[in-house]
Amino acid sequence: MTGYRSEPAALIVPVVIFASMFIVIAQPQTARAMNPDIPRIQAGAEKGSVQQQIELGAAYLAGRGVPRDEKQAAYWYEKAANSGDPGAQQQIGFFYQAGLGVERDPARAAQWFERAVSGGLVSAKVNLGVAYVWGLGVRKDPIFGAQLFREAAHKGDGMGARYLGLMYHFGMGVPKDASQARHWFELAVKLHNVPAKYDLALMLSQEPDADSRDRAIRLLRESAGAGVVAAKHQLGLDIVHSPDLARSPNEAITLLEEAASVGFWKSSVVLGILSRDGRGVPKDRKAAYYHFRIAALQGGENAAPLTTNDLRTISSELGQAQSQALDEKAAEWVEKHNRPLEFVNLHTERSSMFPAYALQYPEKGMHAGLLLGANDADGADDVPDLGKALR
């Protein structure tokens, strides 16, 4: 990617493949809109029906027919897990790994994943592999983690194939090998793993041939459309560099605003640059300052090198009163969009039983993100309304 000299160099390089690892179990919007028969499910769950215990846990996790309650979700999933259901064992294991509705307990999480694996659930090998890669509640053993990913992939698990690709990409538990990374990303895509489409797109975008670059864009569109936030950012950035890729005049701006609205601070930086330089939008110092301020609030010390100088320069042009007013509007907006999300509305086959609306980025030092229900993610689809903000 070249030709965008005014953009900070760090943003010209594609976003690095994200290496944190977790299982995502998410729910389509259509499923969220359907409220289950809670009295019937509650009665069955209390009588010991494992199926209805899982359904009740799902209802509390997603806030379908009942107020969203992570503790109640954990309670009913653990009930079903104790009855031997492998899916519930995997789910409650994730809860203990992430501290969702229960006290965080990596060792207990690993035990539940082991029980789910023993029960024949292939995808639980991926969760258990993550535990061994990072030493979460078990001895750290990336080689064994890679073996578990490989076993899951060979049995058709796309997430296992994707994680094995990441292991080869970073040289964790296996030799660093770009060709092997690509092989496993390709398999993961064939197995319909959405995040792998983003990973593979980043690799293909570095290839010199036009066919690879075209395929990279197609994969970015597919992963962005499925809810991978980083893919929205990367596709928007690629369109900024190559406007002929756009399907509509405002596509790049829309994608970047969508990513910014769920906490992707690099998208806010790019939006600031575009407004500052008049690239794809009218040149507007107030809009540029607003986006840079949002990025600074979203990214903290990580964003500072890319925002401090512009904020200082533009603030001196706008004056203290205008800058302060924009600071307040940016802070108000960020307060309403304060969860940095990695996935939004990612669909799976088991959405009705193990639902979530979005996945928040892991907190520092953790390797499991936080599953969010519909109520938690309210406003996640909002994008910055510059016209309103700058009036």
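**Note on the salt bridges**

1. Lys197 has a relative accessible area of 17% and is therefore buried (buried is under 20% relative accessible area, exposed over 50%, partly exposed in between, with a 1.4 Å probe and protein chains only). The model is predicted: local features need pLDDT of at least 70, side-chain atom pairs count only at pLDDT 80 or more, and totals for chains, interfaces and linings use all residues. Residues are numbered from 1 along each chain as its sequence is written, and side-chain values use heavy atoms, leaving out hydrogens and water.

2. Lys197 forms a salt bridge with Glu222 (3.0 Å, N to O); the term means a side-chain nitrogen of Lys or Arg within 4 Å of a carboxyl oxygen of Asp or Glu. This pair joins distant parts of the chain, 25 residues apart: Lys197 is in helix α12 (residues 194–204) and Glu222 in helix α13 (residues 210–225). Helices (H or I, at least four residues) are DSSP runs, numbered from the N terminus. Glu222 is partly exposed, at 40% relative accessible area.

3. Which side chain meets Arg276 in a salt bridge at 2.8 Å, N to O? That partner is Asp277. Arg276 is buried, with a relative accessible area of 12%, whereas Asp277 is partly exposed at 26%.

4. Arg276 also meets Asp310 in a salt bridge (3.0 Å, N to O). Arg276 lies in helix α16 (residues 265–277) and Asp310 in helix α18 (residues 304–318), so this pair ties together parts 34 residues apart in sequence. Asp310 counts as buried, at 17% relative accessibility.

5. The structure holds 17 salt bridges. A network of them links Arg182, Glu186, Glu207 and Arg215.

Note on methods. Helix = DSSP H or I, 4+ residues; strand = E, 2+ residues; numbered from the N terminus.
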